[in-house]
Amino acid sequence: MPEPSSSNPPELSAADVAACRRVLRQHSRSFHAASLMLPRTVRDPASVLYGFCRLADDAVDVHGGQAEAIARLQERLARAAAGRPLPQAADRALAAVLRAHAIPLELPVRLLEGLAWDAEGRRYETLDDLLHYAARVAGTVGAMMCLLMDVRSHQALARACDLGVAMQLSNIARDVGEDARMGRLYLPLQWLHAAGIDADAWLAAPRHSPALAGVVERLLRQADLLYARADAGIAMLPVACRPGIRAARRLYAEIGQQVRRAGCDAVGGRAVVPPLRKAVLLAGAAWPGAGRGRRAAAGPLPPLAATRGLVEAAARPVPRRRGPVDTVLDLFERLERRDRFGSAG
């Protein structure tokens with residue numbers, strides 16, 4: 001359980017942000033490149049969120065997926081949420097960002113839940129099962145990014161979650177072979193069975209095949225559908241934030257295109273977006289008219305079943321913080337009440 005909140009919660013320091021930026025630059029070139037197109041007021045806390053996600057992911061992998069690693073992360077999150085973080089850059093920065101942007105604790109808690117599923121080696125029978133996993137490890141990030149931009153409408157949050165889930169599906173499609181060599185399998189088991197692939201036998205000796213390529217392509221099509229759903233949400237964001245989010249959307253969708261160019265062989269190599277292609281995509285995202293030609297989805301769309309709880313938590317009204325003006329108004333009210341009661345005898 002979180003400790004009582006500190007009366008003097010930490011402020012976001014430049015040194016802590018710089019530490020998180022270094023982690024981002026080292027581990028995610030695509031997200032780092034896209035983040036450079038965000039205003040600094042969003043870029044800095046976004047780097048902090050990534051730093052926390054990286055810290056959590058590494059902790060699970062380094063400790064062999066043990067439950068103790070998850071428990072330690074949960075404790076660190078609880079301390080940060082209570083304003084009493086551990087004396088480390090990522091923890092101090094996370095505490096400041098959670099407080100400054102009123103991020104509901106449910107969101108990072110769900111993210112850790114998804115990592116706990118990784119630690120368990122959980123597999124996913126259906127696409128819906130996989131979407132519930134992706135909602136935790138990536139939809140939560142989409143929702144938190146919305147909150148960094150001070151956007152809390154249900155539609156914008158639902159589309160942000162769509163984008164996060166789509167990005168995760170792109171990553172899963174790219175990393176099929178890499179994950180298999182770590183003993184992990186994320187492709188829906190029903191799809192593998194329908195393609196004539198025995199999941200256990202394949203995981204013991206992962207190799208590319210036309211049947212597997214069909215499963216990977218099927219997953220990429222699901223990602224494409226979610227990218228299309230997410231496009232409508234970019235217009236709901238502050239103007240200054242749109243190029244950065246549009247850039248992230250384009251770069252991650254391009255990962256899927258690179259997988260396709262390799263014949264959906266995600267076992268023999270890891271798809272990478274070439275630097276020149278990345279530069280073209282970033283330049284296109286910065287253009288004011290970028291994305292206008294895409295056909296928008298007809299009417300508002302509800303959130304995915306897997307992300308509905310995230311949207312509801314993030315859209316919850318934030319209690320207004322009390323400041324000096326509130327204190328003065330309370331004083332006047334008490335004085336008026338005292339005078340009124342005194343006149344009544």
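Residues are described as buried when their relative accessible area is under 20%, as exposed when it is over 50%, and as partly exposed in between, with a 1.4 Å probe and protein chains only. The structure is a predicted model, in which local features need pLDDT of at least 70 and side-chain atom pairs count only at pLDDT 80 or more, whereas totals for chains, interfaces and linings use all residues. Residues are numbered from 1 along each chain as its sequence is written, and side-chain values use heavy atoms, with hydrogens and water left out.

The chain contains 16 helices and zero strands, where helices (H or I, at least four residues) and strands (E, at least two) are DSSP runs numbered from the N terminus. Of its 345 residues, 50% count as buried. Among contacts in the chain with a separation of 6 or more, 75% join residues 24 or more positions apart, contact meaning heavy atoms within 4.5 Å.

Helix H13, which covers residues 242-261, is mostly covered, with 16 of its 20 residues buried. From its first C-alpha to its last, H13 reaches 28 Å, close to the 28 Å expected at 1.5 Å a residue, the expected span being 1.5 Å times one less than the number of residues. Just after H13, Gly263 takes a positive phi of about 70°.

In soluble globular proteins, nonpolar side chains tend to be buried together. A nonpolar core is defined here as a set of buried Ala, Val, Leu, Ile, Met, Phe, Trp, Tyr and Cys residues joined through side-chain atoms within 4.5 Å. The largest such core has 109 residues, of which Ile103, Leu169, Leu192, Trp202 and Leu212 touch the most other members. Its largest share, 14 residues, comes from helix H7 (residues 127-148). When residues up to four places away in sequence are not counted, Ile103 touches Leu49, Val97, Leu98, Pro108, Met144, Leu147 and Leu148.

A search of the whole structure finds four aromatic pairs; rings of Phe, Tyr and Trp (its six-membered ring) pair if their centres lie within 6.5 Å, and planes under 30 degrees apart count as stacked, over 60 as edge-to-face and the rest as tilted. Trp117 and Tyr124 form a tilted pair, 6.3 Å centre to centre with 40° between the planes. The rings of Tyr124 and Tyr186 have centres 6.4 Å apart and planes at 10°, so this pair is stacked. Because Tyr124 lies in the loop between helix H6 (106-120) and H7, and Tyr186 in the loop between helix H9 (176-181) and helix H10 (189-194), the pair ties together parts that are 62 residues apart in sequence. Tyr124 counts as buried at 2% relative accessibility, and Tyr186 is buried at 8%.
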